[in-house]
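Here's a quick tour of one model, taking a helix, a sheet and a chain contact in turn. Have a look at the structure before reading on.

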Amino acid sequence: MRTGDGWLPTAAHARAVVAGMGLSVAAVLARRPDLLVLATPFVVAAVWAVLVRPSAPPKMRQSIGHGMLREGESTTWHVDLDDPEGRIDDVGVVLEAPTWMDVGPHDGQVAASLHDDPRERIDIFVRPYRWGYRRVGPALVVASSGWAAFRWASKNEAEATTLVTLPHSSEFDASAPPVHTPGLVGGNRSPRQGSGNEFASIRPFQPGDRLRRIHWPQSLRTGTLHVTSTWADHDRHVVLLVDALDEVGRSDGIDGRASSLDIAVRAASAIAAHYISTGDRVALVVLGSRSVRRLPPASGHRHLRRILEVLANIEPGSPAHDNGRMPGGLGEGALVLMLSPLVTPTALQRAVTVANRGLSVLVIDCLPPDIAEQTPDDPYTGIAWRIELLKRERELRTVREAGIAVVPWSGPRSLDVVLRDLHHHAGTRGRRPR
Amino acid sequence: MSALTVDESWRRLPRIRGVGLLLRGLILVSPLAALACTRAATDHPLPVIDVVIVILAIGSVFAPDGPLGALVIMLVAIEWGATVHDRTTFWAVAVAAALAMFHVCLAAATVSPPGARWTSAMCRRWTRRAAVAMGSGVTTWAVLVAIDGYEMPSSAILVAASLVVLALAGLWARDGHP
């Protein structure tokens, strides 16, 4: 059986022809009419198959329902086969599943009868269960004529499709006020007072205050001019620093265990979605990845989509893929959220370097909590991990002493306490009220 | 995916089930049934050929799209021709039906991936065709029994004409035109 553009005779047809003709010739030469009885079914099958043999190849089209999904969502791979002569009986389709993807029904193996329903569309569902870019298809389509005597097979590599699986956003919400930033516009209350809408206090008039801010009742009561002061409005500039230098732990996709990179990517996705929904600017920097490494700060849903696509494209690299320089895009006053399993000195060093530049840094620990118990069959690995975790704890203490908060990722509001502290700290450093 | 041929893909697929499993069971059973019928029709079976046929039938289960099926049929026919001398025995119909079933099951096993679920329309169509193939042997046998008493004189011209017709039919059946 070979793959080709046209219809090719199969082993079944060859068997029918050889057996039918061979037994018939033997019956004639040996004067054995009983051999003709044995030959008859094969002769019938061979003659019937030739009479219904298709001559034109079918028209086939393959497509995928959606090119972009979230982890755990599913779409459909469609195979449309048009048989102009109506001589195709059976169609077999196989769609092989790439890694991290389920296909169904029956492992992507489908049989259909075009003889009974010439317009039948063959659908195979595709469900990626881990973020990433993957090639899907093309499906192997094999059409057979009557008696499976002639076969047409198609396997067109040009119809393979890239399916983008965006990370599933973990639930995340933060009610903490923003850290001090130099922005002058935005939807968040600044820790400084200035031009804004939210009432702060009534205070004595100072040169430079606008006349329309004068609070006349208080001024008449006290005999000196008083003005209404407000909190300034500003936006946040959040930088997500994702450590892709290493991937620690086993990943079973969205339905099972999460590796450190799974946790980091899903958390980054959730944080980006949260801050962009509140109108803030979010930048993305990926350390060590072999693909795209940086997205400049921007806001809006289109930017969120770009962030998710870059996150989906992350491939774990190694310290060799890290240039060791200060990541770009860390503007003044940015809140840097570093997502890292913190198992390499490079990542810890990078966090300290960023903090030393005067930026507010919050490290989100993405090491799977059960990392030491992931290989119960190998006690030595567990022991090695426990030793490694002790070393790591010592290094984390050093990082904390340098003024960098380290919190484990635990979903909604997991960063609130630390963000409030950072806000308070920034507020005390901020300018005096005018 | 790029370099996969149909053969490789079919073989790599896991888990035969449903109709695929039934077909493979019949692929194994039908040559055994043909052998049993041959033994019933003769007093001098050929055990060596029987063993070879069983081995080839087992091979056919795993490679229904290969040449082993044709070998099985030819060996059954050879054993029949060598050991059975009653030209009108009804066992010929039984052997023809078993071989027809063997051929149809082999063919049906190649139209879909092994793990695919067969539709009811496919099952009905292949059952009808298997019945036609098996029934055609009965028709030939009935004609054979009807003309059994008629003695035709030997004729070299008739034999040659028959062979020429068969050769042309074989060429036509191979690819649709002589």
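This is a predicted model: local features need pLDDT of at least 70, side-chain atom pairs count only at pLDDT 80 or more; totals for chains, interfaces and linings use all residues.

The buried residues in question are A:Ala347, A:Leu348, A:Arg350, A:Ala351, A:Val354 and A:Ala355. Looking down the axis of α6(A), you'd see them fall within an arc of 160°, so they line one face of the helix. The length checks out too: at 1.5 Å a residue, the 12 residues of α6(A) (345-356) should span 16 Å, and the end C-alpha atoms are 16 Å apart. After α6(A) comes A:Gly358, with a positive phi near 90°.

Next, a sheet. Three strands of chain A make an open sheet with mixed pairing, in the order β3-β12-β9. Both β3(A) and β9(A) stand at the edges with a single partner strand each, so one side of each has no neighbour in the sheet. On average, neighbouring strands here are turned by 30° against each other, direction ignored. β3(A) pairs with β12(A) in the parallel sense over three bridges, and A:Arg70 sits opposite A:Leu166 of β12(A). Helix α5 (301-312) of chain A lies across β9 and β12, at about 105° to β12(A).

Finally, the chain contact: 59 residues of chain A are in contact with 63 of chain B. α1(A) gives the most to chain A's side, with 15 residues. By class, that side looks like this:

| Class | Chain A side touching chain B |
|---|---|
| Nonpolar | 37 residues |
| Polar | 11 residues |

How values were computed: Residues are numbered from 1 along each chain as its sequence is written. Chains are lettered from A and ligands numbered from 1 in the order in which they are written. Two residues are in contact if their C-beta atoms, placed from the backbone, lie within 7 Å. Helices (H or I, at least four residues) and strands (E, at least two) are DSSP runs, numbered from the N terminus. Ala, Val, Leu, Ile, Met, Phe, Trp, Tyr, Cys and Pro count as nonpolar, Asp, Glu, Lys and Arg as charged, and the others, Gly among them, as polar. The expected span of a helix is 1.5 Å times one less than its number of residues. A residue is buried if 20 or more other C-beta atoms lie within 10 Å of its own, exposed if 12 or fewer, and partly exposed in between; C-beta atoms are placed from the backbone. The arc is that of the directions from the helix axis to the C-beta atoms. Two strands pair if DSSP finds at least two bridges between them. Axes are lines fitted to C-alpha atoms, for helices over the stretch in contact, and angles run from 0 to 180 degrees between N-to-C directions.
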